[in-house]
Amino acid sequence: MEDDTKLIEAAKSGDKKAFGRLVKKYEQLVYSFSFKICRDKQKADEVLQETFINAYRGLKSFSGNSKFSTWLYRIVTNNCLMMHRKKSHEPVVSLEETDLFKGTEELQVAHWGETPHDAVLNKELKEVLDAAIQKLPLEYRIVFVMRDVEGLSTEEVGKSLKLSVPAVKSRLHRARLFLRNELNEYFTK
Amino acid sequence: MKLVDHKKYLLEICEKVDQDLTSPTCKKLREHLSQCPDCAAYYDSLKKTIVLYRDYDVEMKGSRVKEILAQLDLDEPLRITLPKKRSR
């Protein structure tokens, strides 16, 4: 595995081959993360290209204080937010001000049984997962994906999104309850 | 059971769902989960929610390195070399 620091330094001084190697190393990670946010393969592909172009243009500002992958996550996030706002005209919603989460903490407990644990991710289940997460405002979706799916620490997510640790925890908490609640209908019907 | 009755556990469950519950700080929650089937079911479903999203991944169809580098070439300033003026 090639050393990122050397590749980044070389790319900073204009070595495109070195940057190409960074793209090769991180493209699957970026694509996968973009898809998990956008839930659309075509959009994920657009975000992937935009992300590396922005990364190359802004490479001089990468100080090396965070991991290169964390820096890429931030660029992906910004691109997804911009694309989303451009295409949907959806305002940035603060869930504290909406009633989207009403009732998520007051539902009856239903046992999911064995189903989802061994569930094969078939087409139907994928559609359910996509539909549920797409109902979640992007700001919450991003925190959930970074923290729970990609496995970044709460501090890393906060740093990357310029959010305080309590703000990350609060969004994560709400996102988890919301998604669990959405899937509850599918697994207990 | 209404979850609201177990709110403090719900909060703790949600906070610690991705942690190792065998740690000493999770002792109380562990004890509660072993005695309360509803909270245990809730914990289980929350954990499964995360696992399902973690397992749902997509693979790229092919590398995009060439396209991306070609895009970057468009950024380069044009280098036009003008012919030298002939001295008369």
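## Chain A overview

In chain A, 68% of the contacts with a separation of 6 or more are between residues 24 or more positions apart; two residues are in contact if their C-beta atoms, placed from the backbone, lie within 7 Å. This is a predicted model, in which local features need pLDDT of at least 70 and side-chain atom pairs count only at pLDDT 80 or more, while totals for chains, interfaces and linings use all residues. Residues are numbered from 1 along each chain as its sequence is written, and chains are lettered from A and ligands numbered from 1 in the order in which they are written.

The secondary structure of chain A consists of eight helices and zero strands, in the order α-α-α-α-α-α-α-α from the N terminus. Helices (H or I, at least four residues) and strands (E, at least two) are DSSP runs, numbered from the N terminus.

## Helices H1 and H2 of chain A

Helix H1 (residues 4-12) and helix H2 (residues 16-38) of chain A have axes that come within 7 Å and cross at roughly 135°. Axes are lines fitted to C-alpha atoms, for helices over the stretch in contact, and angles run from 0 to 180 degrees between N-to-C directions. H1(A) and H2(A) are therefore oblique to each other; angles under 35 degrees count as roughly parallel, over 145 as roughly antiparallel, 65 to 115 as roughly perpendicular and the rest as oblique.

On the H1(A) side, Leu7(A), Ala10(A) and Ala11(A) meet Ala18(A), Phe19(A), Arg21(A) and Leu22(A) of H2(A). This contact of H1(A) with H2(A) has six nonpolar, no polar and one charged residues. Here Ala, Val, Leu, Ile, Met, Phe, Trp, Tyr, Cys and Pro count as nonpolar, Asp, Glu, Lys and Arg as charged, and the others, Gly among them, as polar.

## Val23 of chain A

Val23(A) lies in helix H2 of chain A. Val23(A) is buried, with 26 other C-beta atoms within 10 Å. Leaving aside residues up to four places away in sequence, Val23(A) touches Phe52(A), Val65(B) and Ile68(B).

## Where the chains meet

The contact takes 35 residues from chain A and 34 residues from chain B. On the side of chain A that touches chain B, H2(A) gives the most, with nine residues. By class, that side of chain A has 17 nonpolar, eight polar and 10 charged residues.

## Helix H3 of chain B

Helix H3 (residues 37-55) of chain B has 19 residues and reaches 26 Å from its first C-alpha to its last, close to the expected 27 Å; the expected span is 1.5 Å times one less than the number of residues. Among the buried residues of H3(B) are Cys39(B), Tyr42(B), Tyr43(B) and Leu46(B). Their cover includes helix H5 (123-134) and helix H8 (165-188) of chain A, together with helix H1 (7-16) and helix H2 (27-35) of chain B.

H1(B) and H3(B) pack at an angle of about 30°, with their axes 10 Å apart. That makes H1(B) roughly parallel to H3(B). Tyr9(B), Leu10(B), Ile13(B) and Cys14(B) in H1(B) meet Cys39(B), Tyr42(B), Tyr43(B) and Leu46(B) in H3(B). This contact has eight nonpolar, no polar and no charged residues.

Technical notes: A residue is buried if 20 or more other C-beta atoms lie within 10 Å of its own, exposed if 12 or fewer, and partly exposed in between; C-beta atoms are placed from the backbone.
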